[in-house]
Amino acid sequence: LNRPSGLAIAPSTANSGSTTGWSLYASEWDNLWEFPSSQPPASTLVNAAAGVGLARTPVAGWRPELGRPRAIAPGPRSGTLLVSDADGVLRELDPAAGTLRELDLAPRSGDAGPRAARVDGAWYVLEGWVIWRVEP
């Protein structure tokens, strides 16, 4: 990968060929890549023995015309990811279903500060390159 901007572990897409059911997702430039057969999320997320010889596949649902992925975080629903792009748009991606929906962030324009969306009782705040989850 050349300058990855985000990493997340989530359930694999249907056609990824994953042997574990989990994949590592990485954003790089205008692409969102899937590395199938990752270990499930656990207290140790970095495995030094894994090496760099992993296969990578473009993620279903994300297309370069949607913008450059900037940050990735676990999504509000099981198996989903939140992906923000360079234009400040926050989307919920379901890799298994290949669906993508834009979250309504407030304030919409005129404010350079953090923007937030409420999904299923939790707030997701997009601030630059970081996605925060805030629960009441």
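Q: Which residue stands opposite E92 in β8?
A: R101 stands opposite E92 there. This is a predicted model, where local features need pLDDT of at least 70, side-chain atom pairs count only at pLDDT 80 or more, and totals for chains, interfaces and linings use all residues. Residues are numbered from 1 along each chain as its sequence is written, and side-chain values use heavy atoms, with hydrogens and water left out.

Q: Why are β7 and β8 called paired?
A: Two strands pair if DSSP finds at least two bridges between them. Four bridges join β7 to β8, so the pair meets that cut-off. The two strands run antiparallel.

Q: What lies between β7 and β8 in their hairpin?
A: Four residues lie between them. G98 sits in the turn, with a positive phi of about 75°.

Q: Why is G98 called partly exposed?
A: Buried means under 20% relative accessible area, exposed means over 50%, and partly exposed is in between (1.4 Å probe, protein chains only). G98 has 31%.

Q: How far apart are G98 and A14 in sequence and in space?
A: They are 84 residues apart in sequence. Their C-alpha atoms are 8.9 Å apart.

Q: How do you know that β5 and β6 pair?
A: Five bridges join β5 (residues 69–74) to β6 (residues 81–85).

Q: Which residue takes a positive phi in the hairpin of β5 and β6?
A: G79 does, with phi near 85°. This hairpin has six residues between the strands.

Q: Why is A8 called buried?
A: A8 has a relative accessible area of 8%. That is under the 20% limit, so A8 counts as buried. A8 is found in strand β1, residues 4–11.

Q: What does A8 touch?
A: Contact means heavy atoms within 4.5 Å. Not counting residues up to four places away in sequence, A8 touches S23, L24, Y25, I72 and L81. A8 and L24 are 16 residues apart in sequence and 5.8 Å apart in space, C-alpha to C-alpha.

Q: Where does S37 lie, and what is its phi?
A: S37 lies in the loop between β3 (31–36) and β4 (57–58). Its phi is positive, about 70°, although S37 is not a glycine.

Q: Is S37 buried, partly exposed or exposed, and why is D120 labelled as it is?
A: S37 has 30% relative accessible area, so it is partly exposed. D120 has 59%, which is over 50%, so D120 counts as exposed.

Q: What is the phi of D120, and where is D120 found?
A: Its phi is positive, about 50°, although D120 is not a glycine. D120 is found in the loop between β9 (115–119) and β10 (122–127).

Q: How do you know that β9 and β10 pair?
A: They share five bridges in the antiparallel sense. The rule asks for at least two, so they pair. V119 stands opposite A122 in β10.

Q: What makes β9 and β11 edge strands?
A: Three strands form an open sheet in the order β9-β10-β11, with antiparallel pairing. β9 and β11 (130–134) each pair on one side only.
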